[in-house]
2 protein chains.
Amino acid sequence: MTMSNTGGRRRPPTIHDVAREAGVSRGTVSRVLNGGHYVSPAAQEAVNAAIRKTGYVVNRHARSLITGRSDSVGFLLTEPQERFFEDPNFNVLLRGCTQALAAHDIPLLLMIAGTEDERRRITRYITAGHVDGVLLVSSHSGDPVAEQLREAGVPLVACGKPIGLGSKVSYVAADDRDGARDMVRHLLSLGRRRVGTVTGPLDTPGGVERLAGYREVLAEAGVPYDDNLVVSGDYSRASGEAGAERLLDQAPDVDAVFVASDLMAQGVLTALHRAGRRVPEDVAVGGFDDSPAAVAASPELTTIRQPWDRISNEMVRVLLAQIGGEDPAAVILPTELVRRASA
Amino acid sequence: MTMSNTGGRRRPPTIHDVAREAGVSRGTVSRVLNGGHYVSPAAQEAVNAAIRKTGYVVNRHARSLITGRSDSVGFLLTEPQERFFEDPNFNVLLRGCTQALAAHDIPLLLMIAGTEDERRRITRYITAGHVDGVLLVSSHSGDPVAEQLREAGVPLVACGKPIGLGSKVSYVAADDRDGARDMVRHLLSLGRRRVGTVTGPLDTPGGVERLAGYREVLAEAGVPYDDNLVVSGDYSRASGEAGAERLLDQAPDVDAVFVASDLMAQGVLTALHRAGRRVPEDVAVGGFDDSPAAVAASPELTTIRQPWDRISNEMVRVLLAQIGGEDPAAVILPTELVRRASA
DNA sequence: TTCTCTACTGTGAACGCTCACAGAAGCATT
DNA sequence: AATGCTTCTGTGAGCGTTCACAGTAGAGAA
């Protein structure tokens with residue numbers, strides 16, 4: 001605990017100081033620092049003692065200069081704006097990734113590429129090798145940054161299957177389709193037959209997959225597909241509200257709604273309430289995400305939990321593997337139905 | 001736009017390549033890179049052209065190695081856990097800081113020090129000089145990390161006035177007391193006389209100041225102070241709900257509640273609704289933050305807007321000034337009353 | 001002319017680390 | 001004894017910058 005830093009606040013100890021203190025050479029200290037192979041137990045011990053005594057911390061800049069690695073990764077958001085604030089998933093993802101990386105002693109650089117200008121600057125920064133890899137959070141397709149990074153050979157892991165890109169980019173995603181299937185099956189099991197849906201944006205993988213799951217289950221159950229029961233939203237609360245109104249208008253006999261996000265489901269609840277429909281008695285409502293919004297809603301939302309903690313862990317694992325030279329990989333994780341009051 | 005990177009994906013251009021291309025020396029290129037003083041217009045031009053042609057990007061590690069600066073700053077959270085998820089302010093603060101820093105081409109490193117272990121590692125990392133300064137987000141007092149960083153002479157700017165520390169630490173805060181005064185004055189102006197409050201945690205500056213504002217205005221208005229009208233929460237939704245129940249119990253004639261955060265106000269609304277009180281007819285409710293929760297609530301919350309965009313900008317400005325050698329400074333920014341349906 | 005001053009430019013030496021290499025032991029095999 | 005191995009250790013070189021310093025050239029003053 002005691003740093004022998006007596007007096008001068010100047011000049012932190014270097015590997016040289018440690019070497020002198022331990023009575024060995026720089027090389028040996030360096031070897032201890034990097035895994036301790038080919039180091040005698042005695043030297044090992046002496047070096048560790050010297051490190052403790054001097055309070056030595058490796059200078060990452062010097063290391064990076066020679067290794068060419070930066071030992072840091074970027075967390076890149078390419079969303080326009082709103083999603084960042086509205087979407088609670090970002091938080092838990094960001095937190096999860098930060099901590100998973102911290103376990104490897106790798107700092108996370110937060111990068112937000114909203115405007116064209118920011119995009120250019122950040123692409124430059126990344127391709128210049130200032131980070132070893134990138135965790136990409138961008139739901140919409142046709143993301144030019146992702147494409148550029150992929151071409152530049154930057155290790156990359158996306159959150160959710162990127163639509164535009166080829167198959168050579170890693171991603172980690174929850175099993176959206178299966179989650180949707182679970183929810184719709186649940187609604188059917190409650191005896192509902194006029195099951196509507198408010199989809200996510202259909203240029204996002206989540207939006208597409210959840211809708212696909214919805215249709216599959218209805219088809220399997222022999223429930224006829226009705227266009228009037230399908231409206232689309234953009235994951236925002238307001239769009240959920242508008243969607244529900246359209247739904248009530250087009251199909252007044254709707255008795256259940258599968259909503260592709262909890263936030264939209266909040267909006268749906270508002271609209272249903274205003275229309276005098278009781279939830280879940282008249283209309284059962286199922287959300288998606290299991291975000292804080294789900295328990296904040298009244299009644300509390302039955303929803304699909306996405307395993308965000310696992311997702312962030314996997315993203316980091318796959319990224320580090322890729323930085324280590326492994327090939328890209330796709331990881332799909334199962335979801336879970338969480339039953340609450342709304343269905 | 002065209003990077004003449006034909007063929008070899010190897011070895012990015014160095015300052016040397018640029019110098020050769022421009023027909024000048026490393027020194028001149030370096031001077032152009034660092035402000036262009038003592039460089040002839042001709043050389044300036046030639047170097048810029050060479051930079052464009054080669055696609056050169058400065059190697060920050062090499063630069064940092066010699067300058068001793070890292071040209072990056074840390075964004076440090078020392079909250080236990082929950083706040084990070086629950087508090088929408090974090091998001092906008094984080095985003096604001098990232099972008100304000102991006103304007104200076106400075107990356108932001110996200111650091112989360114939840115456990116004792118993480119705290120130690122991060123303190124070490126920071127004091128080793130891997131970041132030039134720290135933006136500190138920690139509401140609770142007695143934060144050991146802040147104290148250690150201050151002692152180590154690390155440039156530091158806190159968000160909100162740190163309770164435990166001396167006056168020698170910079171901070172940027174909204175004028176909590178004045179905001180509370182505005183809100184309570186507003187409630188009184190509606191004719192309410194039994195104005196209760198659900199405070200924030202009283203070991204946070206926000207909690208203390210908002211309560212102080214509440215008491216001041218009541219005193220000024222000659223409304224007698226009643227202990228039964230004051231309950232405390234922890235900024236969480238649940239604590240707001242519990243607080244409102246206690247309030248209704250202790251002072252059934254309450255006709256207005258000033259709640260120290262929107263999230264708690266949501267809980268208050270739930271409890272009032274359950275108790276059969278109408279908002280705002282029976283009980284007017286005022287929140288604090290103007291977070292997304294304010295418009296998500298029904299009825300929409302009258303609240304106090306904190307100028308988060310300005311707060312983040314100021315935090316960055318003060319931090320950079322401090323890194324540049326200036327003395328610590330405190331900045332207090334005005335709040336704004338936002339009238340909606342709940343009061 | 002000669003000197004001084006200013007504006008500009010080039011050059012070696014760091015910065016703190018890792019890497020490749022050379023060597024020194026110790027031990028077993030020829 | 002000579003040779004191979006394996007394990008361990010020290011030493012120079014160099015990563016790409018910036019910085020201090022030593023120059024050079026040109027303008028103006030003595």
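Let's start with the two copies. Chain B can be laid on chain A by a turn of 180 degrees and a shift of 0.0 Å along the axis, with an RMSD of 0.0 Å. That superposition is by least squares, on the C-alpha atoms of residues with pLDDT of at least 70 in both copies. The two copies are therefore related as by a two-fold rotation axis. The same surface serves both: 100% of the contact residues of chain B recur in chain A.

A word on the model. It is predicted, so local features need pLDDT of at least 70 and side-chain atom pairs count only at pLDDT 80 or more, while totals for chains, interfaces and linings use all residues. Residues are numbered from 1 along each chain as its sequence is written, chains are lettered from A and ligands numbered from 1 in the order in which they are written, and side-chain values use heavy atoms, with hydrogens and water left out.

Now the interface. How many residues take part? Chain B gives 43 residues and chain A gives 44, where contact means heavy atoms within 4.5 Å. The buried area is about 4000 Å², and carbon and sulfur atoms give 58% of it. Buried area is the accessible area (1.4 Å probe) that two parts lose on being put together, summed over both. Look at B:H61, B:N91 and B:R95. These supply 17% of the area that chain B buries against chain A, more than any other three residues.

Next, the polar side. Eight residue pairs are in polar contact between the chains, both residues at pLDDT 80 or more. A polar contact is a pair of N or O atoms within 3.5 Å; within protein, one must be able to donate a hydrogen and the other to accept it, and residues adjacent in sequence count only if both atoms are side-chain atoms. Which elements of chain B touch chain A with two or more residues? They are α4 (60-67), α5 (82-86), α6 (88-102), β2 (108-112) and α7 (116-130). Helices (H or I, at least four residues) and strands (E, at least two) are DSSP runs, numbered from the N terminus.

Stay with β2. Strand β2 of chain A runs antiparallel to β2 of chain B, and three bridges join them. Strands pair if DSSP finds at least two bridges between them. A:L109 stands opposite B:L109.

There are two salt bridges across the interface. The rule asks for a side-chain nitrogen of Lys or Arg within 4 Å of a carboxyl oxygen of Asp or Glu. In one of them, B:D105 meets A:R121 at 3.6 Å, N to O. B:D105 lies in the loop between α6 and β2 of chain B. Its phi is positive, near 65 degrees.

Last, a cis peptide bond joins A:S298 and A:P299, with omega about 0 degrees.
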